[in-house]
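User: I would like to learn how to read the packing of helices and the layout of a sheet in a model. Could you take me through one case, giving the general idea before the particulars?

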Amino acid sequence: MNVERFRWERLVAADTGERIYALAAKIYPICRSITGDGVRHTLHELNKHIALQIHEVPTGTAVFDWIVPREWNIRDAYIKNERGEKVVDFAKSNLHVMSYSVPVRQRISLGELKGHLHTLPDQPSLVPYRTSYYKEDWAFCVAHRQFETLHDETYDVLIDSSLTEGCLTYGEYLHKGETDDEFLLSAHVCHPSLANDNCSGVALLACLAERMAGLRTRYSYRFLFAPGTIGAITWLARNEDNCQRIKHGLVVSMVGDPDGPTYKRSRRGNAKIDRSMAHVLRHSGLEPAILDFFPYGYDERQYCSPGFDLPVGLFQRSKFAEIPEYHTSADNLDFIRPEHLGESYRLIAQALDVIENDTLCVNLMPKCEPQLGRRGLYGAVGGDKDAATANMAMLWILNLSDGGHSLLDIAERADLPFEVIRRTAKRLERHGLLSASFAG
């Protein structure tokens, strides 16, 4: 079978954004948490696209300083007034119940109920997303405007949930490359109906893995779909001996909104993924924010903890916690769009392309410039901007191809897109002026 060599264009189809959006919409209604059937249901949907390996880690398992918690599932929840009307109904939005709420069935006064209600007074029409994973409690989340309409009466409260000895579930898919060196791509699957955070990231990586299946790659690509924090910690604890294989990595979240894009560097700050993402974003025509590492955020902080210090960055559109839709009911399917999902996908694909195709070159005629015109390589400059760019790319490549500079080094120094440098280097190689070897 003739399998195509990796190029970023081969990962992208005209309908890529629509396909990502459709999968995000499919998993959006599922009530997910850090454990439980919602995670399993989500992974089952992804398994229709890629052959996931599903792992179940029992409650009570020690994972470094953490313990895998009891499994949480929920079937129904509501608040009824004295007329039997459901003033809050979990069936209408799974954000209405604080994740990991313990079972409740009681009649209480409004005064008692208020102590178990979360609202957003500054965003009165929105329902907040709240959790209580490691402290037993219960609560409902409601729009503040609705909260203000509650009458001073007695309410029937039901949360039909369970906290039992069970498992933490995560899934992974390995695309096998020519080497055992791995590129880790990670998305969290613990949030309920939040479209951008993180149905968008989960769907994007699933579509990327599906598309990558038909390509030859130098690296092996590990796609990890796990609950935030405890899931990444559990995976690291179970794979500690193999982490040295991870040469590059990216956490993907919040990739469907119109803002950004935003890239947060790994703890190392100058890892190949940091340089590749920064380079692609700087030549994207967008207005990116490139941030230094800080120990808060998503699972990059686990991968970049000092005991591992893996080269893993974070890619987003908007920066988490800095947009009004973050962790609210406004993070719905109207907030993400296929065009933004497709653009995020393309940017990630281009960064992978840089890493896959970066090479070390040696100028085979290093004493002065070779005569490019005689070889038909030196284009006319007069008024031809593309020819001038190509000429400068050739001169930069020939000057820096001393065996110590990779194509990415040259692209950064020349301030030219990697694709221009890569394509020009291939042309020089065909004319016998360069030799190339993989830059790890």
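Analyst: In this predicted model, the crossing of α9 and α12 is left-handed. The contact is formed by D353, V354 and N357 on the α9 side, and by F418, E419 and R422 on the α12 side. By class, these contact residues divide into two nonpolar, one polar and three charged.

User: At roughly what angle do the axes of α9 and α12 cross, and within what distance do they come?

Analyst: Two packed helices are described by the angle between their axes together with the distance between those axes. Here the axes of α9 (residues 338-357) and α12 (residues 418-430) cross at roughly 35 degrees and come within 11 Å.

User: What is the order of the strands in the open sheet?

Analyst: The strands of a sheet pair through backbone hydrogen bonds, and may do so in parallel or antiparallel fashion. The open sheet of eight strands in this model has mixed pairing and the order β2-β11-β14-β12-β15-β18-β16-β17, with β2 (53-58) and β17 (289-291) as the edge strands, each pairing on one side only. Within it, β16 (residues 262-264) and β18 (residues 312-316) run antiparallel and are joined by three bridges, and K264 stands opposite L314 in β18.

User: Is E300 buried or exposed?

Analyst: E300, which lies in helix α8 (residues 300-303), is counted as buried because its relative accessible area is 0%, under the 20% cut-off. Its side chain is joined to that of K264 by a polar contact of 2.7 Å, and the residues that E300 touches include V251, F293 and L314.

Note on methods. Residues numbered from 1 in each chain as written. Predicted model: local features only at pLDDT ≥ 70, side-chain atom pairs only at ≥ 80, totals over all residues. Heavy atoms only, no water. Axes fitted to C-alpha atoms, helices over the stretch in contact; angles between N-to-C directions. Helix = DSSP H or I, 4+ residues; strand = E, 2+ residues; numbered from the N terminus. Left-handed = near helix turned anticlockwise from the far one by under 90°. Contact = heavy atoms within 4.5 Å. Nonpolar A, V, L, I, M, F, W, Y, C, P; charged D, E, K, R; others polar. Buried < 20%, exposed > 50% of the residue type's maximum accessible area, 1.4 Å probe, protein only. Polar contact = N/O pair within 3.5 Å; in protein donor to acceptor, adjacent residues only side chain to side chain. Pairing = 2+ DSSP bridges. Lists of a residue's contacts leave out its neighbours within four places in sequence.
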